[in-house]
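Good morning, colleagues. Please look at the display as I speak.

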Amino acid sequence: MFRNSYDNDSITYSPTGRLFQVEYALEAIKQGSASVGLVSKTHVVIVALKRNAEELGSYQKKIIRIDNHLGIALAGLAPDARVLSNFMRQQAMTSKMVYNKPIPVARVAHEIGDKAQKNTQTYGRRPYGVGLLVAGYDETGPHLFEFLPSGTVLEYFGAAIGARSQSARTYLERNFESFPDCTAEELVLHGLRALRDTLAQDKELLIQNTSIGLVGLDTPFKLYDNEDVGEWLEKLGDVGSSRGRRQAEEAEAEAAAAAETSAPADEDIPVPDVPAEPIETDD
Amino acid sequence: MFRNSYDNDSITYSPTGRLFQVEYALEAIKQGSASVGLVSKTHVVIVALKRNAEELGSYQKKIIRIDNHLGIALAGLAPDARVLSNFMRQQAMTSKMVYNKPIPVARVAHEIGDKAQKNTQTYGRRPYGVGLLVAGYDETGPHLFEFLPSGTVLEYFGAAIGARSQSARTYLERNFESFPDCTAEELVLHGLRALRDTLAQDKELLIQNTSIGLVGLDTPFKLYDNEDVGEWLEKLGDVGSSRGRRQAEEAEAEAAAAAETSAPADEDIPVPDVPAEPIETDD
Amino acid sequence: MFRNSYDNDSITYSPTGRLFQVEYALEAIKQGSASVGLVSKTHVVIVALKRNAEELGSYQKKIIRIDNHLGIALAGLAPDARVLSNFMRQQAMTSKMVYNKPIPVARVAHEIGDKAQKNTQTYGRRPYGVGLLVAGYDETGPHLFEFLPSGTVLEYFGAAIGARSQSARTYLERNFESFPDCTAEELVLHGLRALRDTLAQDKELLIQNTSIGLVGLDTPFKLYDNEDVGEWLEKLGDVGSSRGRRQAEEAEAEAAAAAETSAPADEDIPVPDVPAEPIETDD
Amino acid sequence: MFRNSYDNDSITYSPTGRLFQVEYALEAIKQGSASVGLVSKTHVVIVALKRNAEELGSYQKKIIRIDNHLGIALAGLAPDARVLSNFMRQQAMTSKMVYNKPIPVARVAHEIGDKAQKNTQTYGRRPYGVGLLVAGYDETGPHLFEFLPSGTVLEYFGAAIGARSQSARTYLERNFESFPDCTAEELVLHGLRALRDTLAQDKELLIQNTSIGLVGLDTPFKLYDNEDVGEWLEKLGDVGSSRGRRQAEEAEAEAAAAAETSAPADEDIPVPDVPAEPIETDD
Amino acid sequence: MFRNSYDNDSITYSPTGRLFQVEYALEAIKQGSASVGLVSKTHVVIVALKRNAEELGSYQKKIIRIDNHLGIALAGLAPDARVLSNFMRQQAMTSKMVYNKPIPVARVAHEIGDKAQKNTQTYGRRPYGVGLLVAGYDETGPHLFEFLPSGTVLEYFGAAIGARSQSARTYLERNFESFPDCTAEELVLHGLRALRDTLAQDKELLIQNTSIGLVGLDTPFKLYDNEDVGEWLEKLGDVGSSRGRRQAEEAEAEAAAAAETSAPADEDIPVPDVPAEPIETDD
Amino acid sequence: MFRNSYDNDSITYSPTGRLFQVEYALEAIKQGSASVGLVSKTHVVIVALKRNAEELGSYQKKIIRIDNHLGIALAGLAPDARVLSNFMRQQAMTSKMVYNKPIPVARVAHEIGDKAQKNTQTYGRRPYGVGLLVAGYDETGPHLFEFLPSGTVLEYFGAAIGARSQSARTYLERNFESFPDCTAEELVLHGLRALRDTLAQDKELLIQNTSIGLVGLDTPFKLYDNEDVGEWLEKLGDVGSSRGRRQAEEAEAEAAAAAETSAPADEDIPVPDVPAEPIETDD
Amino acid sequence: MFRNSYDNDSITYSPTGRLFQVEYALEAIKQGSASVGLVSKTHVVIVALKRNAEELGSYQKKIIRIDNHLGIALAGLAPDARVLSNFMRQQAMTSKMVYNKPIPVARVAHEIGDKAQKNTQTYGRRPYGVGLLVAGYDETGPHLFEFLPSGTVLEYFGAAIGARSQSARTYLERNFESFPDCTAEELVLHGLRALRDTLAQDKELLIQNTSIGLVGLDTPFKLYDNEDVGEWLEKLGDVGSSRGRRQAEEAEAEAAAAAETSAPADEDIPVPDVPAEPIETDD
């Protein structure tokens with residue numbers, strides 16, 4: 001009875017012109033651990049928090065290399081990301097074979113955007129349940145794109161997706177003016193600090209749960225995982241997270257707590273019509 | 001129980017002959033920021049307000065160049081606009097290759113209209129969620145077309161779509177008699193004034209949030225973004241918005257406020273059968 | 001609960017053998033402004049009322065030229081009419097290329113009828129939401145056909161579709177005996193008078209809102225729009241509308257007022273089983 | 001709640017083995033004006049009542065010539081009949097081209113029967129909403145077949161379909177023993193008398209509302225419409241309708257009146273399980 | 001609310017493993033008039049009761065010749081039987097052309113069985129609504145098969161389908177031990193007596209309502225209709241129906257009466273889970 | 001309201017991970033009469049109970065020969081079994097033609113298993129409603145496989161499916177240790193005794209209702225039906241069924257009685273979530 | 001009324017971004033008996049518990065050999081696992097034919113992951129209902145992957161799936177630090193101990209219910225079943241299960257007991273929104 005009547009599929013508009021299934025897909029991103037990206041004049045960095053399913057398993061892959069000049073960080077449904085990364089690899093390979101040059105970052109980003117848009121306009125498919133940060137370096141320099149299930153693809157100086165990513169964004173907003181002139185090393189450390197701000201209070205960045213991707217001028221895409229991450233964490237030192245983190249975290253934590261408590265009920269009560277951020281209809 | 005029974009898809013008529021899903025798609029346009037277009041005897045101008053998703057991101061693209069003589073401004077779902085602009089580019093390229101001349105503006109506008117109409121008559125697709133202002137200059141002079149998800153394509157002297165666009169229309173209606181003889185510069189300034197009237201009270205036109213597209217006699221399509229917009233804003237000067245703006249804005253603001261307040265509830269209560277403007281059935 | 005259970009799609013009969021979705025499509029015609037057609041021994045005339053969406057826009061196209069000997073007037077969903085007119089143009093072109101003669105008016109009219117019938121018998125499409133008056137002159141003389149979304153195609157001496165079209169029909173019924181021997185000019189004036197009777201009390205026929213199409217013996221299809229309409233309106237003079245108009249208008253106005261008032265409610269209450277005119281099952 | 005649960009489509013049986021959608025399609029026939037057919041040893045006659053939509057229009061076509069030896073009369077949805085007649089014409093043409101002889105009447109009748117049966121056994125189509133009387137003369141003599149949307153095709157000596165057709169059947173039953181030896185003229189007059197019995201009390205057979213089709217030995221199919229009907233009506237004279245007519249008419253009128261009164265309610269109440277004549281399951 | 005939830009289509013099992021739509025299709029057979037078949041060592045006979053739709057029409061075809069050695073009797077939806085008989089004829093023709101011999105009776109019976117089974121396992125089709133008695137004579141002698149919409153095909157010594165067929169079965173069961181050694185004539189008379197037992201009390205076997213099919217050793221399939229039936233009815237004489245008939249008839253009549261009375265209500269009340277004979281799951 | 005919400009089709013899991021439609025298909029097996037299979041070191045035997053639809057008909061086929069080394073016994077929907085046996089025959093023929101050797105028993109069993117699995121994972125089909133015992137002898141000796149609609153295929157020493165099959169299983173479990181060294185004759189007798197235990201109290205194994213299939217070393221598949229069964233029944237003698245039978249039977253009878261009584265209601269009340277044996281998820 | 005509205009299919013998100021049908025598919029795994037896998041520097045071991053359907057049948061296959069260097073253990077729907085293993089075998093064969101080398105373990109694991117992801121994003125299919133442990137040895141050493149219906153594929157040092165697998169995981173977590181340096185024999189024994197911890201209290205590992213798969217350096221994939229398992233069980237000795245087992249078991253047993261008791265009700269009550277482990281959205 002209380003059911004939202006317009007959220008069955010992604011091809012039905014609500015009377016106010018919204019596509020709820022697409023918005024719900026965006027919620028799936030928030031259930032993945034955070035990924036952060038940022039750009040200087042010469043490099044792009046993506047860092048991500050790996051969630052350890054169990055002690056017995058390797059941590060999950062959060063950063064995936066696509067090509068020599070290109071990589072992605074993800075938040076949301078990992079199998080969907082794998083499918084999209086396979087597609088990107090094919091596009092990159094085709095570009096090399098047909099045009100004899102690496103695929104431009106903007107083009108590959110828009111190609112997954114168009115692929116995703118189709119899933120929001122055709123009955124019988126579902127929007128992808130994953131957000132991506134696409135980091136690459138091409139003839140026009142370093143680029144960072146955020147990809148969303150709606151098909152939205154936007155370029156950013158700094159971006160963060162996934163759980164508690166607002167804390168990372170707060171850090172980025174305070175410091176992004178210094179990014180353009182950062183060295184690759186400084187850029188990585190900024191990224192790690194932003195990522196650290198997304199951690200719960202009793203968690204720390206560890207070589208097991210941190211992934212770093214770096215690409216830029218004269219720097220082929222390099223993925224730092226496990227032991228390789230160690231040197232970066234040492235450089236980061238032991239400085240606590242910024243004050244902004246605490247505040248944002250607390251607010252988010254409260255919201256999350258509320259959400260988790262009410263989740264079972266959520267299914268059958270009216271869908272709140274005021275999501276934190278209207279995502280789809282901006283343009 | 002209170003659900004509108006005829007708004008599940010775009011292929012079902014209500015007893016009064018309306019297609020609600022198509023009308024809901026038009027609502028998606030109103031959730032995008034405004035775009036304005038106007039025509040003189042020699043030029044067409046489109047100006048648009050970019051919404052900044054976050055400080056960290058570049059502003060979103062609101063004006064897209066299609067060809068040397070053709071560009072569009074959009075309001076609504078950006079991924080849908082990207083798909084349509086890709087289609088227009090293909091049509092333009094085909095015209096050049098096959099007929100060895102730029103595609104006529106009216107033809108490309110009607111081609112996206114026909115493409116959109118199919119989505120309103122076939123089960124399993126959804127109407128596009130975006131409105132476009134198509135601006136171009138061809139053998140028959142400058143043209144401005146408004147494209148809507150219903151497939152409606154109409155030529156205008158001046159047009160405005162998106163949030164608070166009524167304020168811009170009010171400005172255009174007061175001044176359109178002077179447009180035909182405007183110089184390109186005067187036309188741009190008229191466009192910016194109309195666009196300014198769509199701003200909320202505490203907002204101003206800035207180089208970051210304003211896009212300008214100009215095309216006409218001896219003037220290939222030129223897109224002014226960011227710094228390039230500066231000179232135009234200087235020419236615009238600091239004159240406040242017209243009185244008409246205030247009034248229309250207030251009325252709209254009230255309506256918007258009411259809408260936002262009642263939005264969550266809207267989903268499950270009867271769809272009001274009296275939209276502000278009946279769009280579909282005019283002919 | 002009160003919902004009509006048999007009006008979901010055009011392939012489900014009600015227990016009384018009716019196809020409600022097809023009937024609802026006919027309602028979409030009534031929401032368009034009126035079009036009128038009439039025939040003499042030598043000519044056919046179609047006249048139509050253009051609705052001005054806004055002051056800023058050109059008036060909408062109500063009469064469309066198909067071929068040298070053929071044109072249509074429409075009422076209802078304009079994008080649907082555009083699709084049908086494209087189809088008619090293709091048919092006309094094929095006839096010239098294959099048979100080396102203009103397409104017979106009856107044939108092209110029945111071809112769109114058959115095309116429309118398919119949409120009433122196949123799941124996943126919707127009946128067209130537009131009515132057409134097809135006017136043409138061929139080897140067998142002048143012809144006027146009315147096309148309806150049900151696929152019904154009938155020849156008329158005089159016909160009127162769209163809003164308040166009953167008033168026009170009343171005029172035609174009173175005067176149709178004089179049509180056969182009318183000159184082209186007299187026929188146009190009869191058409192304009194019938195059209196004028198569909199106007200609301202505070203409206204007049206103007207060069208901006210009136211379209212005229214004329215075709216006949218030694219008269220290729222000619223479309224009078226804007227300034228070209230001026231000479232006809234002068235000939236029409238200032239004579240008020242006929243008495244019959246007032247009466248019909250009042251009755252219709254009351255009905256329309258009632259309809260508009262109750263429209264929002266209409267959606268969820270039983271569909272009245274007694275439409276003004278049973279359209280589908282006549283034969 | 002009261003809705004009949006087994007009448008959504010023509011591929012679902014009710015617990016008693018009935019196909020309601022097919023039965024509802026038969027109701028559409030009853031909403032068309034009557035057609036009557038009858039056979040002598042040498043000729044077949046079909047006569048039909050044309051309903052005049054408006055004074056302005058030509059009367060609707062009720063009898064359609066298919067081939068030199070073949071024609072049909074219809075009752076129900078005219079566009080469906082047009083589609084079926086197109087199909088019959090193709091079959092007839094094929095027969096001439098491939099077998100070099102006119103298509104046998106029984107074969108063409110069964111071919112539309114098979115075509116119609118498919119629509120009752122496949123999801124996503126709807127049964128035709130029209131009944132036909134197929135009249136033709138071939139090597140085996142004159143034949144009259146009745147085609148129904150269920151795909152049922154039966155040969156008759158005399159048959160009547162459409163509104164108030166029971167009155168015509170009553171006439172035919174009283175007189176059919178004399179048909180075999182009738183001349184063509186006598187047969188036409190019998191047909192007209194039967195047709196006249198289906199008229200409402202204040203209606204008469206007129207040249208405008210009567211169609212006659214005649215085919216037989218040495219008599220190619222001839223359609224009498226408008227003026228051509230005049231001589232037949234003169235021969236018919238002014239004799240009132242038979243007594244049987246009055247009685248049947250009254251009974252039917254009562255039923256019809258009841259039906260019309262309760263029609264709006266019919267939609268949401270249980271479908272009465274006792275139609276006047278069980279049509280489908282006879283064999 | 002009381003609706004059986006598992007009888008929407010033939011691809012959904014009830015919790016007890018039943019396919020209700022298939023069972024409902026079997027009910028359609030019971031609404032046709034009876035057909036009876038029986039076998040001797042040398043011949044097969046099928047007899048059937050034709051229902052006269054009206055005095056004016058020829059009686060309906062109940063027995064159809066398929067090939068020189070093969071024929072069917074039907075009960076249920078005649079158009080479905082026509083489609084199946086067309087299919088059988090094609091199979092028979094193919095056999096002659098490819099294998100140069102008449103199609104074995106068992107094979108053609110199983111081929112329609114397989115065809116019917118597909119309709120019970122694929123969404124979007126409906127099970128055939130007709131039962132057939134397939135009678136033929138091939139290298140292995142005379143055969144009688146009963147075909148049901150479920151795809152069940154079983155060989156019988158004697159069988160009866162359609163309305164009141166239980167009375168015929170009672171007759172057959174009492175007499176079948178004498179069948180093997182019957183002459184063709186005796187076999188036909190047994191069949192007619194069984195058929196007579198299915199008649200309502202005020203009905204008699206007449207040349208108009210009786211069809212007889214006979215095939216066997218040195219006896220190509222012969223269909224006796226109308227006058228040809230006369231000699232058989234004379235041989236049958238005037239002996240009343242057997243006592244068993246009365247009893248079975250009375251029981252059935254009561255059941256039927258009950259059914260007819262409660263039919264309209266049946267639609268919306270729980271489907272009784274105890275059909276007279278569980279048909280599907282026997283094997 | 002009480003309806004199980006997850007049993008509409010075989011592609012929807014319940015919250016506990018069950019596929020109810022697949023489980024319901026298994027119920028269809030229980031409505032067929034019993035089939036029993038058992039294996040020695042050299043032979044496989046399948047025996048089955050034929051249900052006589054009527055005295056007039058031949059008993060139904062319960063054992064079907066597939067190839068010289070292969071046969072099946074079935075319980076459930078006979079038409080489904082026929083389709084599967086046709087498929088097995090094609091596979092067997094292909095094996096002979098392509099590999100020049102009889103198809104291995106395990107392979108053909110798994111091929112129908114894979115075919116059946118598809119029907120449990122694709123929308124618009126239904127799981128087969130039949131269980132099979134596949135008995136064959138190949139290079140690796142005698143084999144007995146049980147096939148279920150879920151696609152489950154397991155090898156057994158002894159197996160029983162269909163109504164009251166638990167009684168047969170009880171017999172098999174008590175005696176299976178002696179099977180390996182049985183002669184073919186002893187194996188058949190064991191099978192008959194197990195089958196006899198599934199009979200209702202007032203029933204006996206007769207030549208009319210018993211089928212026997214035997215295949216093994218130097219023993220091509222042989223089917224004993226009707227008279228051929230006689231010698232086996234004589235060897236079986238008159239010994240009553242084992243004590244275990246009585247007990248199992250009584251328990252089952254009670255359950256069955258309960259089921260039959262409550263069956264009509266079952267449709268609309270909650271599906272009991274505790275089937276006798278969880279079948280699907282074992283592995 | 002209490003029904004979860006977003007769990008009809010795997011292409012609909014809940015408002016919190018979850019795909020319930022995919023989560024339900026994961027529940028199907030828990031209904032299978034446990035499988036355990038673990039890795040040393042040189043070998044991979046998979047062990048599994050076979051559930052005996054009946055005494056008469058062979059135990060079910062829980063470990064399947066795919067190639068010389070590759071095997072899988074499964075928990076959940078066995079037919080689904082068979083389909084996936086067929087697919088893996090084809091992939092392995094293709095690799096050998098095309099690349100002339102054994103397929104890398106990671107690649108084949110991701111290929112079934114991609115295959116499974118498709119079933120979660122396309123309407124009309126269902127997610128696989130089975131989990132797999134993929135064990136193989138290739139150029140990069142021994143690997144153990146866990147495959148889930150969501151398409152998630154993760155590499156593990158030790159893993160356990162199926163009923164009571166938490167107890168096995170507890171064992172693995174306590175001992176995994178010693179795995180890398182284990183000999184193959186030690187690794188198998190660790191696996192058996194972990195598997196033993198999943199047994200109910202009154203059950204023991206037996207040669208009938210235990211399967212072992214071993215592959216590694218110089219060790220082609222070897223499957224130990226039945227008698228072959230004996231030597232391993234002897235080596236395992238009679239030591240009881242670890243203390244951790246008892247505790248975990250008790251907790252799980254209670255949960256299971258509760259689940260079984262409430263299962264019938266579960267279907268129609270709100271789905272609890274807090275599954276033990278959020279599986280899908282980790283990445």
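Predicted model: local features only at pLDDT ≥ 70, side-chain atom pairs only at ≥ 80, totals over all residues.

Consider F:Y24, which is buried, since its relative accessible area is 4% and the limit for buried is under 20%. By the ring-pairing rule, 35 aromatic pairs are counted over all chains. One of them joins F:Y24 to E:Y6: the ring centres are 6.1 Å apart and the planes stand at 80°, so the pair is edge-to-face. E:Y6 sits in the segment before α1 (20-30) of chain E, while F:Y24 belongs to helix α1 (residues 20-30) of chain F, so this contact joins two chains.

F:Y224 and F:W232 form an edge-to-face aromatic pair, with 5.6 Å from centre to centre and 85° between the planes. F:Y224 has a relative accessible area of 11% and is therefore buried. F:W232, with 6%, is buried as well.

Is B:Y123 buried or partly exposed? Its relative accessible area is 36%, so B:Y123 is partly exposed; that class runs between the 20% limit for buried and the 50% limit for exposed.

I come next to charged side chains. Side chains of opposite charge can pair when their charged atoms come close. Over all chains, the count comes to 64 salt bridges.

In chain D, the side chains of D:K50 and D:D225 meet in a salt bridge, at 2.9 Å from N to O. D:K50 lies in the loop between β2 (43-49) and β3 (63-67), and D:D225 in the loop between β10 (219-224) and α6 (227-236), so the pair ties together parts of chain D that are 175 residues apart in sequence. Both D:K50 and D:D225 are buried.

In chain F, a salt bridge links F:K96 with F:D67, at 2.8 Å from N to O. Because F:K96 is in helix α2 (residues 78-99) and F:D67 in strand β3 (residues 63-67), this pair connects parts of chain F that are 29 residues apart in sequence. How accessible are its two members? F:K96 counts as partly exposed, at 41% relative accessibility, whereas F:D67 counts as buried, at 5%.

The example from chain G lies within one helix. G:K30 and G:E27 meet in a salt bridge of 3.2 Å, N to O. Both are in helix α1 (residues 20-30) of chain G, three residues apart, which is about one turn of the helix. G:K30 is partly exposed, with a relative accessible area of 38%, and G:E27 is partly exposed, with 24%.

Finally, we move to chain A. Which residues gather there in a patch of negative charge on the surface? The patch consists of A:E227, A:D228, A:E231 and A:E234. A:D228 lies in helix α6 (residues 227-236). At 37% relative accessibility, A:D228 counts as partly exposed.

Thank you for your attention.

Conventions:
Residues numbered from 1 in each chain as written. Chains lettered and ligands numbered in written order. Heavy atoms only, no water. Patch = residues over 30% accessible without salt bridge, like charges linked within 9 Å, V, L, I, M, F, W, Y side chains within 5 Å. Areas by Shrake-Rupley, 256 points an atom, 1.4 Å probe, with all protein chains shown as cover. Salt bridge = Lys/Arg side-chain N within 4 Å of Asp/Glu carboxyl O. Lys, Arg positive; Asp, Glu negative; His and termini not counted. Charge placed at Lys NZ, Arg CZ, Asp CG, Glu CD. Helix = DSSP H or I, 4+ residues; strand = E, 2+ residues; numbered from the N terminus. Buried < 20%, exposed > 50% of the residue type's maximum accessible area, 1.4 Å probe, protein only. Phe/Tyr/Trp six-rings, centres within 6.5 Å; stacked < 30°, edge-to-face > 60°.
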